[in-house]
Amino acid sequence: MKSQRIAIAGGTGRIGRHIVEGLLEIKHRYSLEIIVLSRSQSPHISYAGTSAPVLPIDYQDLSSIQKILNDFQIDTVISTLSGTTSDPFITSQENLLRAALSVPSIRRFAPSEFSVNSEQVPSVELYQMKIPIIRSLRQVKQERPDFEYSLFSCGVFMNYLGYGNNKPEGHKAHGYMPHFPYIFDLSKRSADIPGDGEKQLVYTRAEDVGKFVAAATQLEAWEEYNEMAGDVLTMNEIVRLCEDVCGTKFDVKYNSREVILARLGPPEKVMENFFAEFLLALMDGECDVKRPINLNGLVDVKPMTVRQYLEQWWG
Ligand SMILES: NC(=O)c1ccc[n+]([C@@H]2O[C@H](COP(=O)([O-])OP(=O)(O)OC[C@H]3O[C@@H](n4cnc5c(N)ncnc54)[C@H](OP(=O)(O)O)[C@@H]3O)[C@@H](O)[C@H]2O)c1
């Protein structure tokens, strides 16, 4: 059964806000009720001539989560929570699920994935904290076969390719994502590639992720994996596209495992380590496409390709 009353936990954040906007875009067409859950009081989110209220909750207090989900008769919870330490990230998602399960209207739950499927990248330490909720969801599914969950995967956000562009309104290239380059720095016409560049990279623009997830709520049934992609290319293919659109050769550095391992720091350097570990995962083919990109075929969303994105911001 399609989702009707949807709560986005962390919807004031980056990808969360794109998903909220994707839902607001289709809200009237499908008569949806959209609410956003946040740890703080925030103004409602307005988009496409409509809005979603932001409701304060405490992820440590199951009854407060339960009350909101119950008051709004929520049927679908989409978590877009984030964190750099496993606690409170794991307990927040787990409490969200536990509270949701005690609400009679609940039928669907999507944990915070929205990258490469976390079970597929054992080298990426930060993503290991996303795995306990997947185990819990599988357990719930065994006990309640009518309950649905889905792991939404989209690869890396294409928006990082927009870093440093100097188009008018060039900041819009980033959507709500932070501004920094990753692997490809088009402003410097350079690339920092793990290995020989022949491994795949899945890219999806964050705005398109929002549209895909919103459209997926209107599917009659959810598969365990909802894989989406704007493009699937090898890193060398992306270099060639960048060179073609920018009209110049790039300075491409191919990094050995030793070079990338040397970038790892002490455990407290969480993000630096994450970026290096993700390069290792790419190098080892952990981020290669492992399953069909099913969501592209299930919904009517036409995502931007890497060439289209590059032409918009660098052409
Ligand atoms: N594919 C990619 O390239 C890519 C890039 C970045 C992120 N991601 C993934 O997307 C997901 C969301 O990341 P994001 O960057 O969009 O997140 P974010 O904006 O950093 O955070 C999302 C929201 O989570 C809530 N939050 C933060 N810490 C929390 C905690 N400890 N407990 C409960 N809530 C907390 C906050 O909402 P309130 O303060 O309103 O409660 C925050 O606005 C993650 O799974 C991340 O791995 C993917």
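Author: The UniProt annotation "domain: NmrA-like", which comes from an unreviewed entry, covers residues 3-310; UniProt positions are given in the numbering used here, feature names are shortened, and annotations may be inferred rather than shown by experiment. The end C-alpha atoms of residues 3-310 lie 34 Å apart, and the span is 34% helix and 19% strand, where helices (H or I, at least four residues) and strands (E, at least two) are DSSP runs, numbered from the N terminus. This is a predicted model, in which local features need pLDDT of at least 70 and side-chain atom pairs count only at pLDDT 80 or more, while totals for chains, interfaces and linings use all residues. Residues are numbered from 1 along each chain as its sequence is written, and side-chain values use heavy atoms, with hydrogens and water left out.

Reader: Why is Leu96 called buried?

Author: Buried means under 20% relative accessible area, exposed over 50%, and partly exposed in between (1.4 Å probe, protein chains only). Leu96, found in helix α3 (residues 86-101), has 0% relative accessibility and therefore counts as buried. Leu96 and Leu62 are 34 residues apart in sequence, yet their C-alpha atoms are 7.3 Å apart in space.

Reader: Why is Ser86 called partly exposed?

Author: Ser86 also lies in helix α3, but its relative accessible area is 39%, so Ser86 is partly exposed. Its C-alpha atom is 8.0 Å from that of Leu126, a residue 40 positions away in sequence.

Reader: What makes β1 and β2 a pair?

Author: Two strands pair if DSSP finds at least two bridges between them, and strand β1 (residues 5-9) is joined to β2 in the parallel sense over five bridges. Within this pairing, Ala7 stands opposite Ile35 in β2. β2 also pairs in the parallel sense with strand β5 (residues 54-56), over three bridges, and there Leu37 has Leu55 as its bridge partner. Strand β2 itself (residues 33-38) is mostly covered, five of its six residues being buried.

Reader: What makes the β-α-β unit of β1, helix α1 and β2 right-handed?

Author: A crossover is right-handed if, with the strands pointing away from the viewer, the path from the first strand over the helix to the second runs clockwise. The unit made by β1, helix α1 (residues 14-27) and β2 is right-handed.

Reader: What makes the approach of Asn236 to Asp196 a polar contact?

Author: A polar contact is a pair of N or O atoms within 3.5 Å; within protein, one must be able to donate a hydrogen and the other to accept it, and residues adjacent in sequence count only if both atoms are side-chain atoms. The side chain of Asn236 reaches the backbone oxygen of Asp196 at 3.0 Å, a distance that falls within the limit of 3.5 Å. Asn236 is found in helix α6 (residues 235-246) and is buried, because its relative accessible area is 8%.
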